[in-house]
Amino acid sequence: MLSQFFIVSSRGDVLIYKDFRGDGLPNAAELFLERLKQGKGAELAPAEELEGVYFMHVKRNGLYFVCTSRSDLSPFATFELLSRVSSLVKDYCGVLTDEGIRRNFALVYELLDEIIDYGYVQTTSTKSLKPYIHNEAEVVKADHLADVGFLTFGPGLFGTEFRFAPSHAAEKPIPVTPSSQGSSRNEVYVDVIERMTVIMAANGSLIRSEVNGSLQMKTFVIGSPELKLGLSEDLVIGKTSEIGYGTAVRLDQAQFHPSVDLADFEHKRALTIHPSEGECTIMRYSITGELPSRLPFQVSAVTTELEEKQCLEVQLEVQCDLPSSNHAVDVDVHLPVPKATTDVIASTSAAGQSAKYKPQEKIFTWTINKFHGASKLKTRIRIQLSQFHRATVRELGPVSFQFEIKNYVSSHLEVKYMKLFDRQHSYVPFRWVRYVTLSDSYTIRLR
Amino acid sequence: MAYLVDNWNEEDMQEIRNLLRKPTAQTEHGELRGILKTVLSQVTRGLDMSPLFTDIVKLCATVSIIEKKLAYLYMTTYARKKPDLALLTVNTIQKDCCDANPMIRGLALKTLCSLRLGELIEYTKHPLLAGLKDKSVYVRRIAVLGCLKVHHLNPQFSTDHDIVNTLYEMLRDKDVIVITNCLMALEELLLQEGGVVINQKIAHYLINRLSDFTEWAQCCILQLLLKYRPENDEETFDMMNVLEIYLKHTNSGVCMAAIRLMLHLTKDLPDIIQDVYKRLKGPLVSLLSSDRPELVYTSLCHLEWLNIKAPGKLDKYYKKFFCRYNDPGYIKYKKVELLAILCTNESLKDITEELSVYATDVSVLLSQFAIRALGQLAKMNPAFTLTCIEAMWSLLFLELDSVSSEILVVFHDILRYENLIDYITGVITKLPVCEHVVQDPRGKTALVWLIAQHGKDLLDAPYILESMLDSWEEEPSKLVKLSLLTTTTKLFFSRPAECQDMLGKVLQRCIESSDDPDVREKALMYYRLLSKDVQKARDIICTSQPHLGILPTDGTSSLSSNLQHFNSVALLFGADKWQEVQQSKLIGKSKVYSQSLHPVTVSKPDETELCMPETSQLLDLNEVTTEIRSDVTSQVVSEIKFAPTISLSPEEFEGKWMLWKSSKQQQLPLLESVPPNDIQDRLAGLGWQAMAISPEGSDPWKAFLYAKEANTDQLYLMEVNLHSETDLLTFDIKCQEDQQWVTSAVMKLILDAVS
């Protein structure tokens, strides 16, 4: 059982503090903050023991969700619970930020009260929590990075119209009362999100590649309609299954949310869901080894040593191998530079590009706001060194990428249709689908 | 709004008070809500808002549920500070407990039980008992846990109202959360007797309905089922079949709880448990690609455990353990450690290459971990040695201070192993290159040490030392100075001609101008030794080091031997840290223990002394090892005393004996034969009563005994065996799990008595 729960921000403020049993340390939150400070910016291990009490935490969006206990907890269940609490907070507040929680702290306390009683978890499903939550969320606008639009099937009868919704459309709290959102629209958002992990050797050969995908659904609907989600018909799951020629969508393994009915999956590749309000991961899947499409980025670097000037010149060329109709946004190319570096000068003059050097971390970052598929970009950087010796060049790299690619997933998994059936209500909700590929850890070595 | 300022003072408090007292405040909900929120946000920030108690207490009567919740939240925070004022609200709360709206009934009941005030139990009684029978599930859920809350305030309550039986009855409730809460409450209420009883009926009922429960309840129930022992293999397999589907659960908490139960069920079936290990691999490995780093870390720790339990199963997944650049530090370090453990001949090349990349990482800590892993590999398996040593050589070539230093430290640690002897010369020839690179004191010390040990084969050794000695004055580290002194002396013995002059200078410098007493003392000692007899000094100072064979490489065996650590925090801490944690918890607990018992125990020490007259002759007490620190033990021993008469039915004894784990076992070789009756009498004198005893003359002689500790009312069970042939006396003590830390002391008492 848990004895306390609290949320602290990275800045060191206690945002929420709840004592369930009164048997914990009275200064638990301060102790935890103290421990954070001792780490001097290094990530704190998720389980700690302080003064005979176990502290376990998850870090989400720069916020620490911490619980304490005197008894031996199951770490898996505890981390799952803390993650769930963080996503519930996000569902109810709309966003997961310092400010969002500060403004809605009464709501968060109300939630916690219903989720956990005397250290025992009661319920965490949005549906069963909803009747007991009365505070309404104050909406806080999150500063959003990329505008990845939602593509809709449209409210029309035949799902032929296409529309776009702004990317933050789904970032709203779930309504507490039907009237609170005005003429509350029924909306269902589905995100196909793939995170890519790649390690590539200097000669271009793959050391490791992996795609982890998920189908995230966020619903704002009245009642409990039945939802049918059709995936690509040629979907094959499993590494061993025979694959014919080329085009089939192949996933190595997939996991479904327990509430998903898979009766139609075998033949029609359709999932039947009774969605509850809020966010929910209906499917997780992964592909390891050879990926079905080309990797989005390749790098080549040419380094010239100018010993007499005590500097290195690096010509960095990045090639984007996406289809020309797609593009990546907010591409950050990180290049670690030698420890002896005093300054880095970059010659990126083009619009929509910028360069930055962080002297403490010795990392040079080249940012490209929009990178079109099937194109190449170059930059030339000069690294000034305090001392020069032959090993300096070997300290360069590896290059790592951060990016977001909209309307593109490398598995080619598609949501073909989404149908809602509701016996009580006759309405056609808005249904939106979005595809995003994100970098998880995309690294290319230079030597 | 003035009261939103950061600095909060008496004036602001007054302002709030005025706002609260304004007659309109009671009616205009929006405004009132704003004020309450402000107050509560200050509470969260750690400011003391208790002066407003009187004003807020009045608000509890409000009709709006939001305000009510906020006011009640405030109450639960400060009620203990103002118990007399809290009494004022009781009326309102009691009224709310009878409200038509179940939500308000529940809220009021929850608040009433959470005030943590002993004085209020009288008022809590009726609403609580009514709540247990309420028609709304919401109220029943709260009432069940409410019983537990009140029980902790005053245990008398639960016995007075027969709560235990009521809760057992309520296990038939139709709501799964009510059932879960009942189980959890019973588990705590009956802590002394080993928690809620899981008999076959309950076990089957729970396991068959398991899918109806919430995922969190499933975790708890799977944990409770660990107490159940199926009657035969068939039943075990039936249970395993039901558990099967939970292995695919998306909540890893459920999945792992199910696996733990499977491991528990099959612990006596060695073939099948291997199969469970195989099944366990899948979920753990797939968790490695989770986007939640905390779960990745937990699964890494469990994979480490699994690899000890079922070695070799994970080797082919080694690429999963390659670091991602955005992994948090704690994950990277763990992955590097695991890479070193999982290495095989096939993966050796990939892994050493990968580790070499980490060795030059921006993070110095990661680089140190990677280099240490290379060293670990080199000493672990002779087949890996060459590749790893070469990898480290090419890293030395980079001439980076931190990297070279760490490599030298690693060499310093591993060159003593047999399989590395052939490489010593190779390593030594690389030393001159390092001399000007290494600045880190640890690296320098290691470098100097390497020269001392193997310098006789290195032509340049005196010159390296000389150049290091030249910067003696600038050297801040005492460690480096000390090892320079030793090394110069040692090198002098192997190459006197080149070093005599140097040694003279060093000794003079240390003795005359060193501020540090340690350095001066050591130099003086060398000087005295050398001036007495050079040959003898050599014998004393230059001792040869024995070469070590390859050691079995597991530091975690103590954790892995135990199934119960699976899915527990213990694995996250690792063996060493876990032991530390346990010890610090012990000390903390025994402090509480001794404080609370102090007034009662005055004359105990004498008694224990009386019990041990012939100890030294009869027994070898060196055998008596205690797990906890000696000072703690002696403190506790002095306070343990067994109640003179207690009674226990054979059924109860048997039930507990099966349920409890053995917490302490001890063997005692007797120096001369003792009749079994004598042993029994001595134990009886201590307060141990016999449940069953084998007739005298049987071999081995067996006795089952029980006793109750007088101060804590804890029950202890013991099995005594006497093998007449070997004169070996064995004890096996069982007690409740949370009392195990005392058993060492109990055992000591017994040993003292028997001897």
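Chain B exposes about 33,900 Å², of which carbon and sulfur atoms supply 52%. Areas here are Shrake-Rupley values with a 1.4 Å probe, and for residues only the protein chains shown count as cover. The model is predicted, so local features need pLDDT of at least 70 and side-chain atom pairs pLDDT 80 or more, while totals for chains, interfaces and linings use all residues. Residues are numbered from 1 along each chain as its sequence is written, chains are lettered from A and ligands numbered from 1 in the order in which they are written, and side-chain values use heavy atoms, without hydrogens and water.

**Chain totals**

- Chain B has 38 helices and five strands. Helices (H or I, at least four residues) and strands (E, at least two) are DSSP runs, numbered from the N terminus.
- Of the 755 residues in chain B, 54% are buried. Buried means under 20% relative accessible area, exposed over 50%, and partly exposed in between, with a 1.4 Å probe and protein chains only.
- In chain B, 66% of the contacts between residues at least 6 apart in sequence join residues at least 24 apart. A contact means heavy atoms within 4.5 Å.
- Chain A has six helices and 27 strands.
- Chain A has 447 residues, and 57% of them count as buried.
- Among contacts in chain A with a separation of 6 or more, 69% come from residues 24 or more positions apart.
- Chain A exposes about 18,700 Å², with 49% supplied by carbon and sulfur atoms.

**Helix H37 of chain B**

- H37(B) spans residues 676–686, and its buried residues are B:Pro676, B:Ile679, B:Leu683 and B:Leu686.
- Seen down the helix axis, these buried residues fall within an arc of 80°, so they line one face of H37(B). The arc is taken over the directions from the helix axis to the C-beta atoms.
- The general rule is that an α-helix has 3.6 residues a turn, so residues three or four places apart point the same way.
- B:Asp681 and B:Gly685 are exposed on the face of H37(B) turned away from its buried side.
- B:Gly687 follows H37(B) and has a positive phi, near 120°.

**Helix pair H19 and H20 of chain B**

- H19(B) covers residues 348–359 and H20(B) covers residues 364–380; they pack at an angle of about 150°, with axes 7 Å apart. Axes are lines fitted to C-alpha atoms, for helices over the stretch in contact, and angles run from 0 to 180 degrees between N-to-C directions.
- The H19(B)–H20(B) crossing is left-handed. That is, the near helix is turned anticlockwise from the far one by less than a right angle; clockwise would be right-handed.
- H19(B) contributes B:Ile351, B:Thr352, B:Leu355, B:Tyr358 and B:Ala359 to the contact. Their partners in H20(B) are B:Leu366, B:Ser367, B:Ala370, B:Ile371, B:Ala373, B:Leu374 and B:Leu377.
- By class, this contact has 10 nonpolar, two polar and no charged residues. Ala, Val, Leu, Ile, Met, Phe, Trp, Tyr, Cys and Pro count as nonpolar, Asp, Glu, Lys and Arg as charged, and the others, Gly among them, as polar.
- B:Gln376 also sits in H20 of chain B. B:Gln376 is partly exposed, at 27% relative accessible area.
- B:Gln376 and B:Glu337 lie 39 residues apart in sequence and 9.2 Å apart in space, C-alpha to C-alpha.

**Helix H1 of chain A**

- H1(A), residues 28–38, has A:Ala28, A:Ala29, A:Leu31, A:Phe32, A:Leu33 and A:Leu36 as its buried residues.
- Those buried residues pack against strands S1 (4–9), S2 (14–19), S3 (47–50), S4 (53–60) and S5 (63–69) of chain A.
- Just after H1(A), A:Lys40 has a positive phi of about 50°.

**Positive phi in chain A**

- Most residues other than glycine have a negative phi.
- A:Tyr118 is not a glycine, yet its phi is positive, about 50°. A:Tyr118 lies in the loop between strands S6 (116–117) and S7 (120–121) and is buried, at 7% relative accessible area.
- A:Asp330, also not a glycine, has a positive phi near 50°. A:Asp330 belongs to strand S20 (residues 327–336) and is partly exposed, at 30% relative accessible area.

- A:Thr197 lies in strand S10 (residues 187–200) and is buried at 1% relative accessibility.
- Beyond neighbours within four places in sequence, A:Thr197 contacts A:Arg208, A:Ser209, A:Glu210, A:Asp440, A:Ser441 and B:Arg324.
- A:Asp252 is in the loop between strands S14 (250–251) and S15 (253–256) and counts as buried at 11% relative accessibility.
- A:Asp252 and A:Tyr285 are 33 residues apart in sequence and 7.3 Å apart in space, C-alpha to C-alpha.
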